[in-house]
Amino acid sequence: MNSSTQIKALDVPSAILQRRSIKTFKPDPISPELLKQLVELTVAAPSSFNVQCWRIVLVQDEAQKTALCAASWNQKQIIEAPVTFVFAADAAAGEQDITPILEQGAATGAWSEGTVNYFRKAIPQFQAGLGDKRREYAIKDAMIAATNLVLAAESLGLSTCFMNGWIEDQVKTIIGAENNPDLAIAVLVPVGYAAEPRLNPGRLPLSVNVSVDKLDNPYQG
């Protein structure tokens, strides 16, 4: 499929069921308009207190792609795909100036004055209370955004691959974050047009890993 081809977007259930992890990509570029749409759908994801702690780097430059590939155990999908989304997570986001977030929430009418005043105190308190879980919580939010990306991409005729094989310190250096100890790398997601399809490998019966109320009560559907 060429990036200029007009497609009808898939509905969410279809995108979920159809999506596969693609490891080989065509060299076809993603149009700037489509890429912007993907970014907008990605950052529409929810996050704790709407802090939006993800820091997303779109790796497109050939030298950057080569370096990122080397930092990812030479997985070639980074070289082949026109863009790889690097999802980083700022564990200190809630400790920074949250005024723009509060003002935007008030301006849209989503948050009342009382809610804004509550969040002004609650967000820093919550962040401080996380302790050594700050990194974990930030990564969770970044992963939610990455899930938005892969489903949005699938619905718009693109393919993706969640990547969890990379050397964090090297990836941080490549994206210019080597001096930020609060930044964690959550996941890498190459995006492009699939060079070949992949079949669904299937899933275990629901009763194996879904339970009701307690683990020893398997869900039977």
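Q: What makes the place of glutamine 127 part of a helix?
A: Glutamine 127 sits in helix 6, residues 113-130; helices here are DSSP runs of H or I with at least four residues, numbered from the N terminus. This is a predicted model, where local features need pLDDT of at least 70, side-chain atom pairs count only at pLDDT 80 or more, and totals for chains, interfaces and linings use all residues. Residues are numbered from 1 along each chain as its sequence is written, and side-chain values use heavy atoms, with hydrogens and water left out.

Q: Why is glutamine 127 called buried?
A: Its relative accessible area is 9%. Buried means under 20%, exposed over 50% and partly exposed in between (1.4 Å probe, protein chains only), so glutamine 127 counts as buried.

Q: How do you know that the side chains of glutamine 127 and glutamate 95 make a polar contact?
A: They come out at 3.5 Å. A polar contact is a pair of N or O atoms within 3.5 Å; within protein, one must be able to donate a hydrogen and the other to accept it, and residues adjacent in sequence count only if both atoms are side-chain atoms.

Q: Why is arginine 19 called buried?
A: Its relative accessible area is 16%, so arginine 19 lands on the buried side of the cut-off.

Q: How many disulfides does a search of the whole structure find?
A: It finds 0. A disulfide needs a pair of cysteine sulfur atoms within 2.5 Å. For cysteine 161, the nearest cysteine sulfur, that of cysteine 69, is 12 Å away, so cysteine 161 is in no disulfide.

Notes
Helix = DSSP H or I, 4+ residues; strand = E, 2+ residues; numbered from the N terminus.
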